[in-house]
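Dear colleague,

I am handing over the structure we discussed, and it is shown directly below. I would be grateful if you could read the notes that follow alongside it.

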Amino acid sequence: MARHILFVLSNASDGRDEEFNDWYTNVHLTDVLKVDGFVAAQRFRLADAQLRPDQATPHRYLAVYEIEAEDVQQPLEALTSGVASGAIPLSETLERRSLTTYLFKPVSERVETPK
């Protein structure tokens, strides 16, 4: 079964980070993981320390979703359909104009530090 990683870069609406984080972590991740093919999810906030501190980013938050499916289009279409129908509601605390998504597929095996 093919594994893909979906990166979702986002921001909270102005002044609504606390509400945004509560909704995203406690509601939205669960809603997305109900979609067949989505098997794991984790959220991150932009760290203060950066490899290149001079490089600006327009996003403060990252969600990483793992997808396992023979045809990755099926879970992506199911997610899109769920959002469009309201079955997977989006909060008004999500700043939609800056929402950015990228789907990646592996080109190598996972490499870990030797024990």
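The notes below go from the overall fold to the pockets, then to one helix and to a few individual residues.

Overall fold

Please bear in mind throughout that this is a predicted model. The secondary structure comprises two helices and four strands, and these follow one another along the sequence in the pattern β-α-β-β-α-β. Taken along the principal axes, the C-alpha atoms fill a box of roughly 40 × 40 × 25 Å. The protein has 115 residues, and buried residues make up 32% of them. Among contacts with a separation of 6 or more, 77% are between residues 24 or more positions apart.

Pockets

Where does the largest pocket have its centre, in terms of the residues that lie nearest to it? Val8, Leu79, Val83, Leu99 and Thr101 hold those places, out of a lining of 15 residues. The elements that contribute two or more residues to this lining are β1 (3–10), α1 (17–33) and α2 (73–85). The volume of the largest pocket is about 290 Å³.

Helix α1

Helix α1 has 17 residues. From its first C-alpha to its last it reaches 22 Å, close to the 24 Å expected at 1.5 Å a residue. Where does α1 bend, and by how much? The bend is at Tyr24 and comes to about 40°. Tyr24 is also one of the buried residues of the helix, together with Phe20, Trp23, His28, Leu29, Asp31 and Val32. An α-helix has 3.6 residues a turn, so residues three or four places apart point the same way. The buried residues of α1 pack against β1, β2 (38–45), β3 (61–68) and α2.

Individual residues

Why does Asp31 count as buried? Its relative accessibility is 14%, and it therefore falls under the 20% limit for a buried residue. Not counting residues up to four places away in sequence, Asp31 touches Ile88 and Pro89. Leu79, which is among the residues nearest the centre of the largest pocket, is 48 residues from Asp31 in sequence, and the two C-alpha atoms are 9.4 Å apart in space.

Gly82 lies in helix α2. It counts as buried because its relative accessibility is 8%. Once its neighbours within four places in sequence are left aside, Gly82 is in contact with Ala87 and Ile88. Ile88 is also touched by Asp31. Gly82 and Gln55 are 27 residues apart in sequence, with 35 Å between their C-alpha atoms.

Ala69 is placed in the loop between β3 and α2. Is Ala69 buried or exposed? It counts as buried, because its relative accessibility is 10%. Leaving aside neighbours within four places in sequence, Ala69 is in contact with Met1, Ala2 and Pro75. Ala69 and Asp36 are 33 residues apart along the chain, and their C-alpha atoms are separated by 8.4 Å.

Asp54 is found in the loop between β2 and β3. Its relative accessible area is 63%, over the 50% limit, and Asp54 is therefore exposed.

With kind regards

Technical notes:
Residues are numbered from 1 along each chain as its sequence is written. This is a predicted model: local features need pLDDT of at least 70, side-chain atom pairs count only at pLDDT 80 or more; totals for chains, interfaces and linings use all residues. Side-chain values use heavy atoms; hydrogens and water are left out. On a 1 Å grid over the protein atoms alone, a cavity is a set of points where a 1.4 Å probe fits but cannot get out, and a pocket is an open set with protein on both sides within 12 Å along at least five of seven lines; lining residues have an atom within 4 Å of a point. Grid points are joined across faces, edges and corners, and a volume is the space filled by probe spheres set on the points. The expected span of a helix is 1.5 Å times one less than its number of residues. The bend at a residue is the angle between axes fitted to the seven residues ending there and the seven starting there. Buried means under 20% relative accessible area, exposed over 50%, partly exposed in between (1.4 Å probe, protein chains only). Contact means heavy atoms within 4.5 Å.
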